[in-house]
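This briefing describes the pockets of one protein model. Please look at the sequence and the structure before reading on.

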Amino acid sequence: MRTADGRVGTIRNIVWDVDGTLFDTYPAIARAFRAGLRELGTDAPLARIVELARESLGYCTATLAQAHHLDRALLEATVARHYERTTPEDQPPFPGVRAVCEAVRTVGGRNLIVTHRGPKGTAELLSASGLAEYFSDIITRADEFPRKPDPAAFRAIVARNGLRPGETLAIGDRDIDVLAARAAGLVTCFFGPIDPGLGADLAITDFADLAPLLVADA
């Protein structure tokens, strides 16, 4: 773990991303894309699909449709049908997530979510993993805020929960998460093996690094 200036102040609240941050969903998403491609008579490596999906599902669909000369709407519908067969159990929370959520609750803070995922899929993942009780507010695609890196959703969730931005950490696995949170004045944390070099306040690959920091600083 590193910090941009060598330290992070008191963090009481965390705003989480869902896909690739709270839950390890990209492998299941990639399998659904690959099944859809194969049904339509073509194929692509799982690693390539994961790379595209990390940008966004729309970008992944558009790129694969163009590369394989497929109708985008048809590919999207075919992939969606395969993904509907994926269970929440196939998309588990990352190791250490529960401990961090518990640490936030222990110091009297709040866990919140800002995600591009829809409300139904988000609720299913939280319920299946037993994590729903930890989250006091959630903004999803259905709330129709501008998509990240626009900071509007972060500003809204901070305002309606009366949070102090300097005590609120936003965690995400993409550059748009860091950019949106920074623009909203939050402390930023990049989660993942490949740091995009945006100078997030924290960069971690293991949530075990984060829980002790929250407890110690509170």
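For residue classes, Ala, Val, Leu, Ile, Met, Phe, Trp, Tyr, Cys and Pro count as nonpolar, Asp, Glu, Lys and Arg as charged, and the others, Gly among them, as polar. The model is predicted, so local features need pLDDT of at least 70 and side-chain atom pairs count only at pLDDT 80 or more, while totals for chains, interfaces and linings use all residues. Numbering runs from 1 along each chain as its sequence is written, and side-chain values use heavy atoms, without hydrogens and water.

A pocket is an open set of points on a 1 Å grid over the protein atoms alone, where a 1.4 Å probe fits, with protein on both sides within 12 Å along at least five of seven lines; lining residues have an atom within 4 Å of a point.

**Largest pocket**

- The largest pocket holds about 980 Å³ of space (the volume filled by probe spheres set on the points, which are joined across faces, edges and corners).
- Its lining has 32 residues, and Leu-57, Tyr-83, Arg-117, Gly-118 and Arg-141 lie nearest the centre.
- Two or more lining residues come from each of α1 (26-39), α3 (57-67), α4 (72-83) and α6 (119-129) (helices are DSSP runs of H or I, at least four residues, and strands are runs of E, at least two, numbered from the N terminus).
- α4 gives the largest share, five residues.
- By class, this lining has 11 nonpolar, 10 polar and 11 charged residues.

**Second largest pocket**

- The volume of the second largest pocket is about 380 Å³.
- This pocket is lined by 15 residues, with Arg-54, Asp-173, Arg-174, Phe-190 and Ile-194 closest to its centre.
- α2 (46-55) and β6 (187-191) each give two or more residues to this lining, and α2 gives the most, three.
- Six nonpolar, three polar and six charged residues make up the lining of the second largest pocket.
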